[in-house]
Amino acid sequence: MRPATIQVRAPLSARLASRPNSMRYQQKESQRESLRSGAFSPRQATQRKPLVAYAETANAFLGAIDDLIHARPAGKLKTAVITGASSGLGLNTAKALIDSGKWHVVMAVRNPEKAKLAATQMGFPKDRYSIMPLELESFESVRSFSKKLKATRNVDTLICNAALYLPAHQNPRYTNDGYEVSQQVNHLSHFLLVNELLPHVKRSKDPRIIIVGSITGNTNTVGGGAVWPWADLGKLNGLAEATDKGPAMMNGGTWNGAKAYKDSKLANMMTILEADRRFHDKTGVTFSTMYPGCIAETGLFRDKKPWFRKLFPLFMRYVTGGYVSESEAGERLAEVAMSDRCKKSGVYWGWNGAAKTVAYLKPGLDANSRGLTGAGGAGGSIEELPLSVEARDPEKARRLWELSAKAVGLPYDSNYVSPLHETAAEIAAKNGPKSLPGIPLPSFVPDSRGQLDKRAKEGTSSQFQGGRL
């Protein structure tokens with residue numbers, strides 16, 4: 001028997017070299033040698049770049065990697081939903097988020113064609129935004145929008161921004177759902193949207209819900225406490241007595257378009273604080289409200305006279321110091337949506353002072369810190385601001401929540417939705433002017449802006465006590 005013969009195969013390189021079609025292998029070997037010799041291109045195998053060139057190439061490579069990270073497909077970006085995103089604050093917030101390279105924005109708008117044109121003019125990349133129709137004058141539209149959104153996309157942040165301001169309207173206008181239009185658009189539909197999307201948003205790793213507030217709904221500010229009319233929800237009997245085209249005002253008083261807006265902003269801020277109390281610990285969702293500054297050129301003032309729209313920006317910029325541009329306001333709202341600092345829930349955020357005074361000139365050597373300050377206008381850094389006593393009243397906020405839930409067709413606690421007794425003095429107060437510009441009510445006039453009294457908190461009738469609640 002012959003002994004077994006063990007054949008040792010030649011190395012792969014030798015075997016390929018012995019073949020007539022080994023050109024491909026030789027080319028690859030040439031490329032490897034080029035790289036080992038310091039040439040970054042096979043065509044430059046004989047060239048050797050200096051150390052500086054290596055550093056530049058490495059920086060370019062790292063830059064390319066960073067670009068790739070920020071150029072992820074839209075499906076891997078965080079998603080923000082912004083109502084009223086076709087103009088003004090909403091549009092500029094969308095721009096700030098998209099420009100960060102980390103967000104896809106769902107523009108929830110009543111006019112998709114207008115939003116498409118605005119996005120094009122802003123230069124939004126087509127894969128960084130989508131447009132969905134949402135009519136806040138209709139509860140059915142809110143439900144339909146929410147259903148479609150939940151079926152097609154995850155949501156990290158909901159920003160309720162859209163608002164109507166109708167100071168020139170002599171009579172209220174009602175929606176098909178039977179509510180005064182600014183009350184429904186500004187508050188009730190956003191309340192419904194928050195409740196519809198909360199179970200969806202809470203799945204995010206960093207879930208946030210933001211409703212834009214305003215100093216006009218805060219009576220502890222110049223804009224809210226010194227300018228007639230004041231925000232005042234009273235005992236919320238307007239919502240409690242609501243029927244089809246029932247009381248236009250939330251407190252049940254006579255119609256005033258400017259006050260309806262202020263009341264709705266107060267309701268927005270109270271809704272955020274109540275949502276924080278109810279859901280933050282259970283869901284981890286961050287609930288925030290904020291004041292972006294006075295955006296004097298925004299379409300919110302379209303109902304004002306032409307002379308006002310021309311002079312108001314100048315007045316806010318050079319007299320009160322509360323002026324802020326649309327782009328800066330958008331960056332501020334985007335900061336609340338993105339920054340780690342704003343992960344604290346149940347906060348009212350603002351910039352450049354608490355707007356409790358008109359602006360004053362702040363001296364200093366630092367160009368970034370000196371200048372007009374104190375009125376919430378341009379510049380400054382983000383800070384927590386105090387809300388008014390009424391906005392922070394937990395019992396009134398609970399009553400507002402239950403009445404709002406009943407209005408939009410959600411489950412509610414029946415112990416909080418009955419009309420509360422009002423005295424003749426209280427009725428007279430809510431149906432008349434609550435102040436002249438800068439002049440508060442005298443102490444003997446009933447003022448229902450404060451906390452509900454003990455009996456009212458329990459859902460029973462209130463008593464007239466020494467001219468005040």
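1. There are five aromatic pairs in this predicted model (rings of Phe, Tyr and Trp, the last by its six-membered ring, with centres within 6.5 Å; planes under 30 degrees apart are stacked, over 60 edge-to-face, the rest tilted). One of them joins Phe124 and Tyr129, edge-to-face at 5.9 Å centre to centre with 65° between the planes. Phe124 is buried at 7% relative accessible area, and Tyr129 is buried at 13% (buried means under 20%, with a 1.4 Å probe and protein chains only).

2. Phe279 and Trp401 make a tilted pair, 5.8 Å centre to centre and 55° between the planes. Phe279 sits in helix α10 (257–283) and Trp401 in helix α13 (394–408), so this pair ties together parts 122 residues apart in sequence (helices are DSSP runs of H or I, at least four residues; strands are E, at least two; both are numbered from the N terminus). Trp401 is buried, at 6%.

3. Now the cores. The largest nonpolar core has 59 residues (buried Ala, Val, Leu, Ile, Met, Phe, Trp, Tyr and Cys joined through side-chain atoms within 4.5 Å). Elements giving two or more residues to this core include β2, α6, α10 and α13, while α7 gives the most, with 10.

4. Val81 touches, among others, Val106, Phe145, Leu149 and Leu158, leaving out residues up to four places away in sequence (contact is heavy atoms within 4.5 Å). A second, separate core of 33 residues includes Leu89, Met107, Val324 and Ile382.

5. Housekeeping: residues are numbered from 1 along each chain as its sequence is written, and side-chain values use heavy atoms, without hydrogens or water. Since the model is predicted, local features need pLDDT of at least 70 and side-chain atom pairs count only at 80 or more, whereas totals for chains, interfaces and linings use all residues.

Methods. Buried < 20%, exposed > 50% of the residue type's maximum accessible area, 1.4 Å probe, protein only.
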